[in-house]
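User: I'd like to walk through this structure with you. Can we take it one question at a time?

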Amino acid sequence: TDPAAFARRTVANARVLAGLLFGRTVFPTLLGVPLLLGLMKVGWDRRRLRREAFLAVIVGASFVSFLPFHIEIRFFAPILPVLLMWTAHGLHELGQWLVETWDALRGTTGVAPYAGGLRRAATLLPLSAVLVYFSLATPLVVRSGQRSTDWTHKDAGLWLGRHAAAD
């Protein structure tokens, strides 16, 4: 009944969502760099444009459908695989850049046969750093969530079970 209040609530929820989603625990802002690299390194043809537009519509639909209501980060879980897919592509590109830069600085024109596995492993260095970060951050997030969980609803249910008639 009040379009202005509806718009204010939607904008406020968008800010809350951005703070939750792009905080250090769910999708750190620093991952925006490889995400953009994964999206923008290569020019898009029509096929890629259609695919990325499809993903953007799916992501956009989830944002739009929940923003006017209560924000729970778990409602936006479907966006994470899309963000991670773009980010992983960017991390791979960054790893390839690291190897090519290393070769250029060393003046290496040809790669020794035994170095192929080492080069492939080096391309995974940025991805490995992100995996280490999340493996260390996840237990902290879980502990934080457990500390902030309100168990009063469980206490109320147990009290009702003891004091309410069975019928």
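User: Which helices do the buried residues of α3 pack against?

Analyst: Keep in mind that this is a predicted model. The buried residues of α3 are Arg48, Glu52, Leu55, Val59 and Ser62. As for what they pack against, the partners are α2 (32-40) and α4 (79-106).

User: Within what arc do the buried residues of α3 fall, seen down its axis?

Analyst: An α-helix has 3.6 residues a turn, so residues three or four places apart point the same way. The buried set here is Arg48, Glu52, Leu55, Val59 and Ser62, while Arg46, Arg50, Phe54, Val57 and Val64 are exposed on the other side of α3. Looking down the axis, the buried residues line one face of the helix, because they fall within an arc of 85°.

User: How far apart are the end C-alpha atoms of helix α3?

Analyst: Helix α3 covers residues 46-66, which makes 21 residues. At 1.5 Å a residue it should span 30 Å, and the model agrees: the end C-alpha atoms are 30 Å apart.

User: Leaving aside its neighbours within four places in sequence, what is isoleucine 79 in contact with?

Analyst: Ile79 is one of the core residues that touch the most other members. Once those sequence neighbours are set aside, its contacts are Leu21, Val59 and Phe63.

User: How many residues apart are lysine 41 and glutamate 93, the pair that links distant parts of the chain?

Analyst: Side chains of opposite charge can pair when their charged atoms come close. Lysine 41 and glutamate 93 meet in a salt bridge at 3.4 Å, N to O. Lysine 41 sits in the loop between α2 and α3 and glutamate 93 in helix α4, so the pair spans distant parts of the chain, 52 residues apart.

User: What is the N to O distance in the salt bridge of arginine 48 and glutamate 52?

Analyst: Both residues lie in helix α3, four residues apart, about one turn of the helix. Arginine 48 and glutamate 52 are both buried. Their side chains meet in a salt bridge, with an N to O distance of 2.9 Å.

Terms used:
Residues are numbered from 1 along each chain as its sequence is written. This is a predicted model: local features need pLDDT of at least 70, side-chain atom pairs count only at pLDDT 80 or more; totals for chains, interfaces and linings use all residues. Side-chain values use heavy atoms; hydrogens and water are left out. Helices (H or I, at least four residues) and strands (E, at least two) are DSSP runs, numbered from the N terminus. The expected span of a helix is 1.5 Å times one less than its number of residues. Buried means under 20% relative accessible area, exposed over 50%, partly exposed in between (1.4 Å probe, protein chains only). The arc is that of the directions from the helix axis to the C-beta atoms. Contact means heavy atoms within 4.5 Å. A nonpolar core is a set of buried Ala, Val, Leu, Ile, Met, Phe, Trp, Tyr and Cys residues joined through side-chain atoms within 4.5 Å. A salt bridge is a side-chain nitrogen of Lys or Arg within 4 Å of a carboxyl oxygen of Asp or Glu.
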